[in-house]
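Hi,

Here's the structure I promised to send over.

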Amino acid sequence: MAIATINPATGKTLRTFDALTPAELESKLQRAADTFREYRRTSFAERARWMRRAAELLDAEAERYGRLMTEEMGKPLEAAKAEARKCATACRYYVAKAEGLLKDRPVEVGGDTAFVRYQPLGPVLAVMPWNFPFWQVVRFAAPALMAGNVGLLKHAHNVPQCALALEELFLQSGFPTGAFQTLLIETSEVNRVIEDPRVRAVTLTGSEGAGRAVGAAAGKALKKVVLELGGSDPFIVLPSADLDQAVETAVSARLVNNGQSCIAAKRFILAAPIADAFERRFIERLKRITVGDPMDPKTDMGPLATGGILQGLHAQVEASVKAGARLLLGGKPLQGPGNFYPPTVLADPPPDAPAFQEELFGPVATLLRARDAAHALELANATPFGLGASVWTRDAEEQRQFIDGLEAGMVFVNEMVVSDARLPFGGVKHSGHGRELADLGLHEFLNAKTVRVASTSGAAPVARAGAVSE
């Protein structure tokens, strides 16, 4: 696919970019390796100063970065500006927390001295998606850079300007040249980069298919990999829930980022006593959504990112209806230029329908009815995915039942699933493995080195306050 900015609201190609030549790619890989040898020895205070400056720039340039995101992938401008500011909060989180999370961890082993020392691995390749073109990258880069690693970004083909802006951001913040580089390469070149011995680990956010391909390549090369893949998140509403709040949140949870989010609520599992009322209110609320120009502040929802995504989503809707799902709202692409698809509601799809088993990456909600809490839990887990889940109940026993029973990496009770730098992010089953953000995300790309010094070997070393220099 062409590396290009194609405005999803108009279909017009705004800029195209040439892929790196083999020589240019080689130069960047060598620069990453050379930079790492020195960068790993920088002090925590230096890295913190640079990361703090990155946060300041993200806040100061939120308008410019937001317009770039909207132009390339179509999210509403206000949401895009909020994404830039959210990136700043992640940078500040790791400025505040990384030193403590990186310090040596003493272990009691009797008379000997023992501790775990955390040390960076080296250049880490990040294969990132277009849907949150800044946030997905920064939530990898902030902990990686604070830990002493260096980053190589292979971004999605349709957000090249965002990718280049991120490289510029870290350079302007003071990070050394080579600490964070964007690789404008074709997807076919990713395996070559993974295989390169100078690259020490890989992280990917993307589809299940992309995860299988990158995971296989990393496994063949015996390299650490973190995979954050798709989701078909359940949004479970039980009789004791605050129905007004649940409905209002459900709209936001399904339409966030024009419906293109791995943690967007996709399957709405409704207990029988409240199912009719929820369905009626939910549809009424969706009918009031304004779909249009994402640069217009009055717009609630913009276009899908590409024409291919629109075509694929519509094919899933048509196949689900053909299989027996009831179409309650929407269901057809909007006429005119751009990749616009309306809020759509499907009800009661059979188990073999795409709306029951597959991820619908766009503004399509699936309604399922449950006989009771046990049946709701069964329906929630009846999917190959296991990323996030939202359950709505004020009953304490039901809350415990779903927190323990949901097959998901994240469970949110009486609120929608969101990413937060303070909380680990990731899934189970076909939603991937490993974690981003918080302490777990920081430790994913570190060597947890066990050190044990016999008591007879002389003066024991003192554990360091922070494993941020060599």
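Let's start with Pro-197, which sits in the loop between α7 (190-195) and β8 (201-205). (Helices are DSSP runs of H or I with at least four residues, strands are runs of E with at least two, and both are numbered from the N terminus.) Pro-197 counts as exposed because its relative accessibility is 64% (buried is under 20% relative accessible area, exposed over 50%, partly exposed in between, with a 1.4 Å probe and protein chains only). Pro-123 is 74 residues away from Pro-197 in sequence, yet their C-alpha atoms are 9.9 Å apart in space.

A word on the source: this is a predicted model, with local features needing pLDDT of at least 70 and side-chain atom pairs counting only at pLDDT 80 or more, while totals for chains, interfaces and linings use all residues. Residues are numbered from 1 along each chain as its sequence is written, and side-chain values use heavy atoms, leaving out hydrogens and water.

Ala-408 lies between α14 (396-405) and β17 (410-413). Leaving aside residues up to four places away in sequence, Ala-408 touches Gly-386, Leu-387, Gly-388, Ala-389 and Val-428 (contact means heavy atoms within 4.5 Å). Gln-181, by comparison, is 227 residues from Ala-408 in sequence and 33 Å away, C-alpha to C-alpha.

Finally, α14 has a helix partner. The contact involves Ala-373, Ala-374, Ala-376, Leu-377 and Asn-381 of α13, plus Glu-398, Gln-401, Phe-402 and Gly-405 of α14.

Cheers
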